[in-house]
Amino acid sequence: LAGPLANLGVALVMGIFIRYFLLPSDLYITVLITMLLMNIGLGLFNLLPIPPLDGSHVALLSARVRIRHPV
């Protein structure tokens, strides 16, 4: 869970910066919103239960969907 939680944690920090520390420049706000959306997307993508991704090791998701690797 470290990868997806790190992405969602960074998204939370970006959301706090957007909410409480609004900077006067539109460029800063655009960069913060882009970082927020990218980290949310990456965090959710990492939770997919596909074996190379972190979601294949998460017990909640991998208990329902098992994809076996040929050994």
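Asn-39 is in contact with Asn-7, Val-10 and Ala-11, when residues up to four places away in sequence are not counted. In this predicted model, Asn-39 forms part of helix 2. The C-alpha atoms of Asn-39 and Ala-11 are separated by 5.5 Å, although the two residues stand 28 residues apart along the chain. Asn-39 has a relative accessibility of 13% and therefore counts as buried, the cut-off being under 20% relative accessible area.

Asn-39 is one of the buried residues of helix 2, a group that also includes Leu-32, Leu-36, Gly-43 and Asn-46. An α-helix has 3.6 residues a turn, so residues three or four places apart point the same way. The buried residues of helix 2 pack against helix 1, whereas Asp-26, Leu-27, Leu-37 and Leu-44 are exposed on the other side of helix 2.

The length of helix 2 was also examined. Helix 2 comprises 21 residues (residues 26-46), and at 1.5 Å a residue these should span 30 Å; the end C-alpha atoms are 30 Å apart, in agreement with that value.

A nonpolar surface patch of about 620 Å² is formed by Leu-12, Val-13, Ile-16, Phe-17, Tyr-20 and Phe-21. Of these residues, Val-13 belongs to helix 1 (residues 2-20). Val-13 has a relative accessible area of 37% and is therefore classed as partly exposed; patch residues must have over 30% relative accessible area.

Notes:
Residues numbered from 1 in each chain as written. Predicted model: local features only at pLDDT ≥ 70, side-chain atom pairs only at ≥ 80, totals over all residues. Heavy atoms only, no water. Patch = residues over 30% accessible without salt bridge, like charges linked within 9 Å, V, L, I, M, F, W, Y side chains within 5 Å. Areas by Shrake-Rupley, 256 points an atom, 1.4 Å probe, with all protein chains shown as cover. Salt bridge = Lys/Arg side-chain N within 4 Å of Asp/Glu carboxyl O. Helix = DSSP H or I, 4+ residues; strand = E, 2+ residues; numbered from the N terminus. Buried < 20%, exposed > 50% of the residue type's maximum accessible area, 1.4 Å probe, protein only. Expected span 1.5 Å × (residues − 1). Contact = heavy atoms within 4.5 Å.
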